[in-house]
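This report describes a structure with the sequence and coordinates shown below.

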Amino acid sequence: MALTRREFLKNSAASAAAAAIGVSLFANQSVFASETVWHKSVCRYCGVGCGVMLGVEGGKPVAVKGDTKNTINKGLLCVKGFYLHKVITGKDRLLKPLIRKNDKLVEASWDEAMELVAAKFKESIEANGPDSVAFYGSGQAETEETYVANKLFKGHIGTNNMEGNPRLCMASAVGGYLTTFGADEPVGSYDDLDHAEMFFLIGSNTAESHPVLYDRLVARKKANPSTKIVAIDPRKTPTNKIIDLHLQVKPGYDLAVMHAIAKVLIEEGYTDEKFISDSVNFSNGKEPITYEEYKTFLKKFTPEYASEQAGIPAEDIVKAAKLFGQTSRVVSMWTMGVNQRIAGVWLNNLIHNLHLLTGKLGKPGSDSLSLTGQPNACGGVREGGGLCHLLPAHRKVAKEAHRQQIADIWNVPVTNIQPKPGKHTMAMFDAISKGEIKNLYVMCTNPAHSLPNLNKYLQGMKDCFMVVAESFHPTETSKIADVVLPAAFWGEKEGVYGCTERRSQYMPKALKPQGEARWDADILIDLAKRLGHGKNFEHFKSAEDIWNEYLKCTKGKDMDLTGAPYSRLKEVRGLRWPVPSVDHPGTTHRFVEGDPLFPKDKAEGRRMYFYGKPDGKAVIFARPDKGPAEPVDAEYPIAMMTGRVLEHFHTSTMTGQVPQLVRAVPKPYVEVHPDDAKKIGLTDRGMAKVITRRGELELMVKLSDRPLPGNVFLPWHWPEKLSNLLTNDVFDPGSKEPEYKVCACKVEKA
Amino acid sequence: MFIASMIIKVNPEKADDLLESLKIFENITTYGLHKDDNIIVVVEAESIEDVEKLSKRLLTEFNEIKGVFPTYVTSDDADGMK
């Protein structure tokens, strides 16, 4: 029987849903033949790495569906991914280059725009030296794009003033992994989610920020109903629908809780003493200490003390500790609630401590897994070396051998690469404000919206010569730029994204770029040529050429991707490094047998050998229980938290293109507990003024019991009310990641 | 007209009741309960915004719904996808 087009589409849609859960609704699948060409890709939003199929007909995006063959999301999407195709043709797509003339941005040819950029960069480099220019990139750029920028700025221009926005979201996780395990990025993988018996969520609203992983938690609970979920979060979130125990701590006071849990684990006999003896050292952060000294350090951290610090019942802390101890397989997951703190690295360490004490690491169902906020923060910036102290493939500029290895691949004298790290993000924008950095190239990110304490940095960005390569205009940053270059968007360029679990995935070019938009790597190569560095870039004829050069950097490193050429990545749903040869399947767990880098000879029978450490032992840290930089006081008595909502992503540059998402959560607001609202005289949907030491905002009030009394919550997505005018730019001394998550404020009726 | 499929993850004990409740919605076609806690639905709506609104409404109104996961969206008018 012939189907109408409507019936055909309905059946196709139902069939896609059925495939996502592994069932078949229709016996005769041949009825679904159509003209749509489906391209296997990766979602453009968060760091989960969901497989997305982009449907193209006649050169236009006509449909999206989850990739059922991708083991990360198995066909499921979240609402943002669902609308991804609409972003491609969004109303704010920038179609032509813009340059500033008479204080207005006007259209220009590519040649005119690029000549201007090259001339200004040349002028500044010649007059003031290479450190007078800087690059600020993104965890949303492809690895190939970041690689080209790295090669140009560090290897040819000769400045390490190269940063990326992962500094603002993942740097503390990097610091935690490096200090504890001696190597960045997770030990395990998403496979552990399907075997865990307990999930420990710390500072993670998984349901809204990583919805597809949230579904995997739901699925695990269904498969194993005794699975427990414990959350430490200062706010109730939609994730509460599935959790068993919520430790609703005061914002910024959770370090003592982690120590108290460790203390209970030891005292109740839940530790794995053999594992500790084999694979763990102890440190107070300055020098090695003994296990006994660590126990002495913990004496202060009774559940009662932690209860007093964090404002939660002591018995809940004991309950959480016992669940952790009694359960054989535990996965901890965290995100910005941990990382965007002045003690972000320390808190990362304390999470790892629990896994090291109990040996719940490096085996199926157990991991200490940092969730990533951007699709290629891990791949492009952490692995690609897109920060001021790094070089590609987990190398450091400070190490001579590393500089030499990369200089050889880049075909430049080693002296081109400076041995001293450049300025980290906050220092970079501070230097811009002071006029020390005169030219800034921004790629695929929006710092005039996303930096904390914006009032301090906006004028500097306006005063310097700023180039913004971006798919959309206006953004808060492009509005104040001197040159805005239209960049190709997702689906219009090929490249690789590397997600949370060390998995690199290929994305095809399925569409022609809108207007005159160009691929970011192509723009950078153009700039390299105009700056006189073309020789070492002209062999990059395609994304694959760049990837192949990058693979040379990874050979023999802990993140070896040699076995992941395009030819293979196009066929599979990503590969998890280390993957040292094309016949290697990739690695689910590091530092154990099965990891191709596991040194059996050195391990001498130990189950885990942390080869990033000289003696193969990870470190349990005795870190002080540092609170927030700006605690509440009589003048500013309320703790202000910031975060996300499901429908929007970061500065809403992309989700702002989708009217449906904009209308779903259309306006900025402040969540206020009804008890506080009553005291202040606020009403639901009325207006309030939120004031910090750095600025003030008038916002619509949303009464909610999600925050505790004494706390308010601001989502940070909307340009018309920049929550970052209020946030604190103080940063973790190790990771240099700012404390976005908590500061002191007062709230008044507006 | 927009056509979207979604998997609604539900509390298995309430799944049959919920499946019946969903049949009341005019613009939802249900495709059964699968593997205990997955209800497949296809939504037809004049605008994609209505699809989104419905998804949010389901999440907020039905406590037994743990999550709503889109899997496919298209339009019977190809231009509607631009």
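A:Met687 stands opposite A:Met700 in E27(A). The two residues belong to a pairing in which strand E26 (residues 687-692) and strand E27 (residues 695-703) of chain A run antiparallel, joined by six bridges. A hairpin of two residues connects E26(A) to E27(A). Strands count as paired if DSSP finds at least two bridges between them; helices (H or I, at least four residues) and strands (E, at least two) are DSSP runs, numbered from the N terminus.

E26(A) also pairs with strand E29 (residues 743-749) of chain A, antiparallel and over four bridges. Here A:Ile691 has A:Lys746 in E29(A) as its bridge partner.

## Basis of the model

The model is predicted: local features need pLDDT of at least 70, side-chain atom pairs count only at pLDDT 80 or more, and totals for chains, interfaces and linings use all residues. Residues are numbered from 1 along each chain as its sequence is written, chains are lettered from A and ligands numbered from 1 in the order in which they are written, and side-chain values use heavy atoms, with hydrogens and water left out.

## Strand E11 of chain A and its partners

Strand E11 (residues 280-283) of chain A pairs with strand E23 (residues 618-621) of chain A in the parallel sense, over four bridges. In this pairing A:Asn281 stands opposite A:Val619 in E23(A).

E11(A) is also joined by two bridges to strand E12 (residues 288-289) of chain A, and these two strands run antiparallel. A:Ser283 faces A:Pro288 in E12(A). The hairpin of E11(A) and E12(A) has four residues between the strands, and in it A:Gly285 takes a positive phi near 95°.

## Backbone geometry in chain A

Most residues other than glycine have a negative phi, and most peptide bonds are trans. A:Asn102 is not a glycine, yet has a positive phi of about 50°. This residue lies in the loop between strand E4 (98-101) and strand E5 (104-107) of chain A.

The peptide bond from A:His473 to A:Pro474 is cis, with omega near 5°; A:Pro474 is in the loop between strand E18 (465-470) and strand E19 (483-486) of chain A. Another cis peptide bond joins A:Trp577 and A:Pro578, with omega about 0°. A:Pro578 is placed in the loop between strand E22 (575-576) and helix H24 (600-603) of chain A.

## Side-chain pairs

Over all chains, the structure holds 23 aromatic pairs (rings of Phe, Tyr and Trp, the last by its six-membered ring, with centres within 6.5 Å; planes under 30 degrees apart are stacked, over 60 edge-to-face and the rest tilted). One of them is the edge-to-face pair of A:Tyr136 and A:Phe429, at 5.1 Å centre to centre and 90° between the planes. This pair links distant parts of the chain, with A:Tyr136 in strand E6 (residues 133-137) and A:Phe429 in helix H18 (residues 425-433) of chain A, 293 residues apart.

There are 43 salt bridges over all chains, a salt bridge being a side-chain nitrogen of Lys or Arg within 4 Å of a carboxyl oxygen of Asp or Glu. In the one between A:Asp194 and A:Arg216, the closest N and O atoms are 3.0 Å apart. A:Asp194 is in the loop between helix H6 (171-181) and strand E8 (198-202) of chain A, and A:Arg216 is in helix H8 (residues 211-223) of chain A, 22 residues apart.

## The contact between chains A and B

The contact (heavy atoms within 4.5 Å) takes 48 residues from chain A and 38 residues from chain B. About 3,800 Å² is buried between the chains, with carbon and sulfur atoms giving 63%; buried area is the accessible area (1.4 Å probe) that two parts lose on being put together, summed over both. In chain B, the residues losing the most area to chain A are B:Phe69, B:Pro70 and B:Tyr72, together 17% of what that side buries. Three salt bridges cross this interface, and A:Lys10 forms a salt bridge with B:Glu44, with the closest N and O atoms 3.1 Å apart.

On the side of chain B that touches chain A, the largest share, nine residues, comes from E4(B). Strand E3 (residues 60-66) of chain A is joined to E4(B) by two bridges, and the strands run antiparallel. A:Val64 stands opposite B:Val73 in E4(B).
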